[in-house]
Each structure stands twice: as C-alpha cells, then as structure tokens.
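Please examine the structure shown below. The briefing after it is arranged by topic.

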Amino acid sequence: MEVESLAREMETAVRVVHLASSLCVKVQEKLRLPSSINGNGNGGHVKSKDDDSPVTVADWGVQAIVSWVLAEVFGTQNLSIVAEEDTDSLSKAESLALLGAVSNAVNEALSEATKYGLTKPDEPLGSDDILKAIGRCNSTGGPKGRHWVLDPVDGTLGFVRGDQYAVALALIEDGKVLLGVLGCPNYPVKKEGLSNGCNQSGAGSVSKGCVMYAKRGSGQAWMQPLLPNGYPESATLLKASTVDDPVLATVCEPVERANSNHLFTAGLANSMGVRKQPMRVYSMVKYAAIACGDAEVFMKFAQSSYKEKIWDHAAGVVIVEEAGGVVTDAGGRKLDFSKGVYLEGLDRGIIACSNTVLHDKIIGAVYASWESSSL
C-alpha cells in the first residue's frame, strides 16, 4: 500500500489520540485529588482485572472514544478494532457508579471533539452507547485484513501512580504495521526532565505532554505538543540517537519485575560496558524515549510463561523504526504482528535500539550471554 493513501487514517488517528490523551489528563488529575480518596485509595475509579492488573475510568473511556470516532469516520462495516479492555466487569450491577464515571469522562471529552477537528455527537452518549463502543473492540486481528490496534492506557500502574503512561493506536494491514500514534501526556518535552522513574506529574516548570506518530515507509516520525485547548498547528521531526557505543548508551527497561528479567538485562548491560543505571519506565514511553533521542536501548526479556500482546508494541515499533531505529526480537528477527493478539514465535525477548550498529552489538552480546543466564 502506498504511504500517501493513509492520509485520512493518519490524521484521524493523531487527532483522536490527542482527544483521548486530554481525557486521561483530566482523569489522572481526579485520581490525585484528596477529595477522590476513599477506602481503596482511588475514589472507586480503579478496578482490578482477573490478573490483578488495574483498569481505570481512563482505560474504558479512551477505548469508547477511539471506537466511536473510528466508527464515525470509517463506518462500522468491516471495522476491526483489537483492544485490551472488554465490558464484562463494567456491565455488572455493582459497577453502575463506575460506568457512570466512564460516561461522564467520555461525554466531557467528546463535547470538545471539534477543538481537535473531530465530529462530536449530536447528543451525549448513553451508557448503552458507551458499552457498545467499548464492546465493538473485540477483534483478534490476524494475517489478513485491516485492524486498528489500541492500548487505551498502556502502563495503567504508572497512570494510577501519577507516572508515565501512553495512549497507543496503530493500524495493521495483512500483518504489517502501517502507522502508529503514541500519546504520552506526562512525557517531559525537555530532555533534562526525563529521569529514572520519570514521574513528571508534579514537575512544575518542566514542559510535558506530547503525541508522537509515524507512517510506515515515510522515513519520518513526528512529535506534537499536547495542548490543553485543542489541536496544535506544528510538529517536530524526531530523530533517534546516533550513539553506538554501549558505554555511552542509556538503556530503558520495564518497571515491573513480573514480566521482565532485570537480572539478565543487568548482566547483559554489564558485559557490554554500559555504565549508566537502567532507566525503568512504565509503558511504551520507552519506545518514545528512543524515537526522540532521550535513550538508545530498550530491552525486555520476559519469563517464558509471559506472552507479549501486539497492542503493547505495534505503535511504538513503527515510530522508532521511522525515526531511524531498529526493533527486533533477541534473535534479530522482525516482530510478527500477523498471528492475532499475541506476538507468537518471539525469540527470547525484544530489543529496540536507536541505530543498527548498537543493535548488532546487543544481539551479539545476547548470544554470548544467554547460555549462562538463568532464564
């Protein structure tokens, strides 16, 4: 497919991620208000899923908004959306207050849709409309056809803690990622603001919040500021770092130990002469850091029982690659987004680098270190 033919898809995706990010900012602010705190510390705006991971008003709210906008622009016929959340827990009788909070957040955001160049509903969406929009995102993807892939709030734990998170939207066709958009509301625009932990929610004078995006094959990745009052008029071209010496490289890895082996990545970094402490960051913000030159490496080696989801990587991968970086599994193979919800056939882990020279060095180090690891 020609890159130029994606203009409508790209523009819609970028605009809806701006709108969704605005919703997230407002919900996160409410989570931090003392008046919202109750016995569980989150004002009832956070619910645990079956795997004990949190899901918030923002997760469901973003999914509803993105689904509704995509349906309005492209129609519901043949609209395939692969997304993380479902309506099971939100539809239960005991979740009536939570559904009300989601409805309020969605309608407040959609009332400002025209500020982002999007159509707003003729009247506020009812609870049934919102559940329908969330439930529409029930595709499992696959090797054929066009699929939108959404992680409404990637890094929900970071979101709840007032730290880094991302709204991630990608478009996949016949197993290939065509475009990706990352909304990073807490990402510090100034490089000196990005630090280990990356908690910028109370950062005062540090300018923060952006949307990054890229089309496959364009050779360009872009960043726009996240503005409180609408869509920005300008964008900045992103370029990944040219640092190819591991001694000078900044390495990102997940915060959570449950799905990433910190001991192996530490040993690998040490064997390569990496001197800087790893920057542990929630969500696909790790990809964002590489795309805009704030970091050089993202490594993730999950335990064998953990299965990577496509929505955790699709948008970030295309943005890094179009900014000049490289993303593969630990065997040097491109990630395969054609197998459905999961990244099947992944060789040991995922390695994203700002350039091919550094990537080749890390792949070599993985092979040298693997036999002695405890994985």
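The points that follow cover confidence, overall build and aromatic rings.

This is a predicted model, in which local features need pLDDT of at least 70, side-chain atom pairs count only at pLDDT 80 or more, and totals for chains, interfaces and linings use all residues. Residues are numbered from 1 along each chain as its sequence is written, and side-chain values use heavy atoms, with hydrogens and water left out.

**Confidence**
- The protein chain has an average pLDDT (the predictor's confidence in each residue, from 0 to 100) of 88, and 87% of the residues score at least 70.
- Over residues 35-41, the pLDDT is below 50.

**Overall build**
- The protein chain contains nine helices and 14 strands; these are DSSP runs, with helices being H or I of at least four residues and strands E of at least two, numbered from the N terminus.
- Of its 375 residues, 57% count as buried, meaning under 20% relative accessible area with a 1.4 Å probe, protein chains only.

**Aromatic rings**
- Four aromatic pairs are found in the whole structure; rings of Phe, Tyr and Trp (its six-membered ring) pair if their centres lie within 6.5 Å, and planes under 30 degrees apart count as stacked, over 60 as edge-to-face and the rest as tilted.
- One of the pairs, Tyr287 with Phe298, is edge-to-face, at 5.2 Å centre to centre and 90° between the planes.
- Tyr287 belongs to helix α7 (residues 285-291) and Phe298 to strand β12 (residues 297-300), so this pair ties together parts that are 11 residues apart in sequence.
- Tyr287 and Phe298 are both buried.

Conventions. Buried means under 20% relative accessible area, exposed over 50%, partly exposed in between (1.4 Å probe, protein chains only). Contact means heavy atoms within 4.5 Å.
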